[in-house]
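My entries follow in the order I made them.

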Amino acid sequence: MSLDLIVLLPFLGAVLPALMIRVGRNACATSAFTVTLLAFALLMTHAPMVFRGETLRVGVDWLPRLGLNLNFFIDGLGFFFAALILGIGLLIIIYARFYLAKEDPMGTFYAYLLLFQGAMVGIVLSDNILLLLIFWELTSLSSFLLIGYWKHLPEGRQGARMALTVTGAGGLSMIAGMLLLGDIAGSYDISEILKHKEQIQASPLYLPALILILGGCFTKSAQFPFHFWLPHAMAAPTPVSAYLHSATMVKAGLFLMARLWPVLAGTEEWFYIVASTGLATMVIAAWIALFKDDLKGLLAFSTVSHLGLVTFLLGLGTPMAAVAAVFHILNHATFKAALFMNAGIIDHEAGTRDIKRLGGLLLLMPIGGTIALLAAASMAGIPLLNGFLSKEMMLEEAAHTVWAGQTWLIPALATLGATFSVAYSFRYIVHVYLGKARHDYPRHPHDPPFGMWGPSALLVVGVVAIGLFPAAVAGPLVAVVAGAVIGGPLPDYHLAIWHGLTPALGMSLIAVAVGLTLLWRYVSLRGFWQAAPHPDAKAMFQRTLATTVRLAKGFTHGLHNGSLQRHLLFLIVAAVVTGSIAFFSASHEAGTRPLLAATPVAVIAWLLLVVASIGVAMLHRRRLMALIIVGVAGIIVSLGFLYFSAPDLALTQISVEVVTVILMLLALNLLPKKMPRESSALRRWRDVGIATLGGLGIGGATWAMITRDGSTLSGYYLENSVPGGGGTNVVNVILVDFRGFDTFGEIIVLGIAATIIFALLDGALQGEVGRKLAAWVPDQKRAKDRHPLMLVVATRVMLPLALMVGAYIFLRGHNLPGGGFIAGLVVSVALIMQYMASGFGWAAQRMRVDYHALIGFGVLTAGVTGIVAWLADRPFLTSTFGHFHLPLIGEFELASAMAFDTGVFLTVIGATMLALASLSRIGRWTDNQTVPERPMDHHISRRPGKEH
Amino acid sequence: MEFLVASAIGVMAAAGIYLVLRARTYPVVLGLALLTYATNAFIFVSGRLAINAPPIIRDGVTVYTDPLPQALVLTAIVISFGMTAVIVVLSLRSYLESDSDQVDGKPEEIHNENIESIPDGSQGKTTP
């Protein structure tokens, strides 16, 4: 059975509960259960192979050049975690069916849960660290959704945000670390990385990679000082807490430390960072757990403490400790998930989770009580239960660990942690279940339906079974998992209840004795706790967050306060400064290319251009005048193109110039014609300075470039234009053939631009702006003759001629200057002249072409031409051409590029006309006159009867 | 000749930069137009200057200018027309919405004697 299917199933299945909720709550839960069961069954088919100690790899290349592949593998460790995730997932799904209230959206819940489950299984079965990172982030996201499931609760939302921030930041750190690790090992595949222990530990990047990866692991597994998010995440529904925060997600960090244990562990750095963090977390969290009144808070801190314990064991770096770590992960998952479900049951039945309001529940809910008693005793490490065994192994390892030359420190701290653990575990038993029954529970408690206690009972059966017969029940599993973690031979160990009179047994006895004493003296202990300072993690977190946001805002607003002027100023100054630095930090030599002689005509044109440019800058406040001067500059640029052997560019520039001027005139009709001088003289001179520097830079760069020879690709295009593209106009062949894909993109952009213009102006006709336009009073005198005779006659005569010219330019484009772009512009100009001469209303009534459709049709034509190449098994836009013979006409040439150019031609017409016509339409709104029936006003003879 | 071209590009760019730093939308549009000329010309001359050598294959002719920058600039001219059009319309719409053609859409505050009295009414601006 395929491994990827196990990972994929929960993702695919996530849709099911969301749909099945329409059928009913049972159907919804059943669908989620079935999907998980299927994945679990698939996983179990791999069990025989895993227990033989084999590994299985499957992989699909995804982005092989980045080293990112969909590689999965399964060995003891992956199997163990996947089984935990899916197995406990099954129990949680049953439990949640009874836990969720009627008004909770159950479909959403199960969909999120399955997404999370898939992401978790993905982490533990990934063989590629990049793939693992993707799943890692997915768990952060899906857990965010789950923690914030009760959207109406502010604590839920805040807890979800905090969890996402902390684990997300850790995830970023881990991405960096993983990339370093992959870089050192030369592969991103875990099975490959695990072979390079010496290489990795000898690398100078080992320590940074280690710290970054541990940053991800510690945040995810809530290790001190990142432990604070976990208790706040307890605002989630109890099934979520039980699943994410005891059995699975928080174990992801442990999993990764175990996964990379063979290559990362065993060094001094690893020991001091991981073991110390783990031990500190274990002691501190256990101490805090002792004073939590909320049952889930107590369990949350207890979980943090136990995660610390496992981290500590992994940090020791010895194979024996690794075995203990694996065993404790298994044991903790069983008793802690049972306890979380139990806390949920109490909340459900008694109406509160506050320990101070509980007590004496054992007789009222005997089943739940028995389950809790056993699970909590296991958590305390009482013999004959599984918690005892792994805690004993931990103490044994701690007993002979030396920390910075101190032999007593680690054993003492480990015993202290165990002591607090005993105390809070018994507090759960004594303060909740024992004592006298009370009469003031918010609800009258009794045992819940089987669906709610059944899953936890099953887990407690495991707790007892492992506790009594460890070697028989858990032995093979622990062996195969520990073998996978260590990646070498297993140490000599025995899972047994009685090891003789060992130091660990003594430490255990001390822990139980002192722990019970602490609980006996709980009231005075609590006084001591309350006197001590309590740093409020949430407030600190929010302060840090607020400070970060404030700094970021200050920085952003300082740079960009919304003013275009300031923004552009920074941009230009940055460009000038960068250019200057580059310029002044290099040596300069004059170019050697022979120069062309300057002709008198060229000097005159140059003078005109310089005067025009400066003139625009000086006269820009007189808007019409400035527009005319810009037009002059444009014409000289077109002439320049013509002079320097670029007839196509000259044609394009001149037609664009015409269209642009018309467009600006149409806009100026509505914009103010003159404007105040706004900037101070100082500011203007500052801008003149910046502009001069910028101009010098650009001019200098141009000079440096064109006085030197450079290499060019043009040889290829010149040689292949005729044989490859079937055209002698190389520029056109490049546009429609060699670089046709670029052109295809550009006509799409042009179409989008025209659509934006239409949308902007069409929207303006509604609402307040529309009313404003309708009541418009022209700010300039209008000509009395709106449609002058001469203009109308001239443009109407010109129309067919201009269309002919357009067609001609289009047809010859492949071989001589011309082509779709230019022809499109020429035709547009001819058409827009009709609008200008006879008015928008008159022309629009006669123009029966929808410009939107024209744009779409043009793009489509070009696209289809490209696709046709596929039919001949060629890449998109491969062109072909041939010579054909027709009677009468004779030999002629036809290139598929022609069809493409037609697309360009139509799009250009459509886009240009849509832009201009939209603007004219706005203008038409302002003059409130009826659409003339004739092409021109006939005011020459206004007397009735004299009309012609 | 090279000097004339380089300096002309420089002057157009300088005028363009000065204009885009103005506070009203219209000069910014003009400035962009000038910057467009300068940029397109710059790309164009990266094929170096050549006279009477258009890249149109003819028998017996062996010297052609570089066609590639021309192809790039041809589409650039058309695209920059699209861009200019969008910006012009954007500034028009912003003016119609806010009654101000200040680049950041700031309301009219400065009443300067330089401005000629604009017939108000729909434009909603009364200059004292």
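**Notebook: loops, helices, contacts**

I started in chain B, where B:Asn52 sits in the loop between H2 and H3. Helices here (H or I, at least four residues) and strands (E, at least two) are DSSP runs, numbered from the N terminus. I read a phi near 55° for B:Asn52, a positive value in a residue other than glycine. Most residues other than glycine have a negative phi, and most peptide bonds are trans. B:Asn52 is exposed, with 10 other C-beta atoms within 10 Å. I use "buried" for 20 or more other C-beta atoms within 10 Å of a residue's own, "exposed" for 12 or fewer, and "partly exposed" in between, with C-beta atoms placed from the backbone.

I noted the ground rules next. This is a predicted model, in which local features need pLDDT of at least 70 and side-chain atom pairs count only at pLDDT 80 or more, while totals for chains, interfaces and linings use all residues. Residues are numbered from 1 along each chain as its sequence is written, and chains are lettered from A and ligands numbered from 1 in the order in which they are written.

I found three helices and zero strands in chain B. From the N terminus on, the order is α-α-α. Chain B has 128 residues, and 58% of them count as buried. I then looked at contacts (C-beta atoms, placed from the backbone, within 7 Å). Of the contacts in chain B with a separation of 6 or more, 46% are between residues 24 or more positions apart.

H1(B) has 19 residues and spans 27 Å from first C-alpha to last, close to the 27 Å expected at 1.5 Å a residue. The expected span is 1.5 Å times one less than the number of residues. I counted 17 of the 19 residues of H1(B) as buried, so this helix is largely enclosed by the rest of the structure.

Which helix gives the most to the side of chain B that touches chain A? I first saw that 84 residues of chain B are in contact with 105 residues of chain A. Helix H1 (2-20), helix H2 (25-45) and helix H3 (67-98) of chain B each give two or more residues to that side. H3(B) gives the most, with 24 residues.

**Chain A overview**

I logged 41 helices and four strands in chain A. Buried residues make up 48% of its 948 residues. Of contacts in chain A between residues at least 6 apart in sequence, 78% join residues at least 24 apart.

**Helix pairs**

Two packed helices are described by the angle between their axes and the distance between the axes. I take axes as lines fitted to C-alpha atoms, for helices over the stretch in contact, with angles from 0 to 180 degrees between N-to-C directions.

The axes of H3 (residues 25-44) and H5 (residues 76-99) of chain A come within 9 Å and cross at roughly 160°. That makes H3(A) roughly antiparallel to H5(A). Angles over 145 degrees count as roughly antiparallel, under 35 as roughly parallel, 65 to 115 as roughly perpendicular and the rest as oblique. The crossing is left-handed, meaning that the near helix is turned anticlockwise from the far one by less than a right angle. Among the residues of H3(A) that meet H5(A) are A:Ala29, A:Phe33 and A:Phe40.

I then checked H17 (residues 295-316) and H21 (residues 409-432) of chain A, whose axes come within 11 Å and cross at roughly 155°. H17(A) and H21(A) are therefore roughly antiparallel to each other. A:Leu298, A:Ser302 and A:Ser305 in H17(A) meet A:Gly417, A:Ser421, A:Tyr424 and A:Tyr428 in H21(A).

I found A:Ile74 in strand S2 (residues 68-74). A:Ile74 is buried, with 23 other C-beta atoms within 10 Å. A:Ile74 and A:Ser126 are 52 residues apart in sequence, yet 8.3 Å apart in space, C-alpha to C-alpha.

A cis peptide bond joins A:Phe224 and A:Pro225, with omega about 5°. I placed A:Pro225 in the loop between helix H11 (206-220) and helix H12 (229-232) of chain A.

My last stop was A:Leu384, in the loop between helix H19 (366-380) and H20 of chain A. Its phi is near 75°, a positive value in a residue other than glycine. A:Leu384 counts as partly exposed, with 14 C-beta neighbours inside 10 Å.

How values were computed: Contact = placed C-beta atoms within 7 Å.
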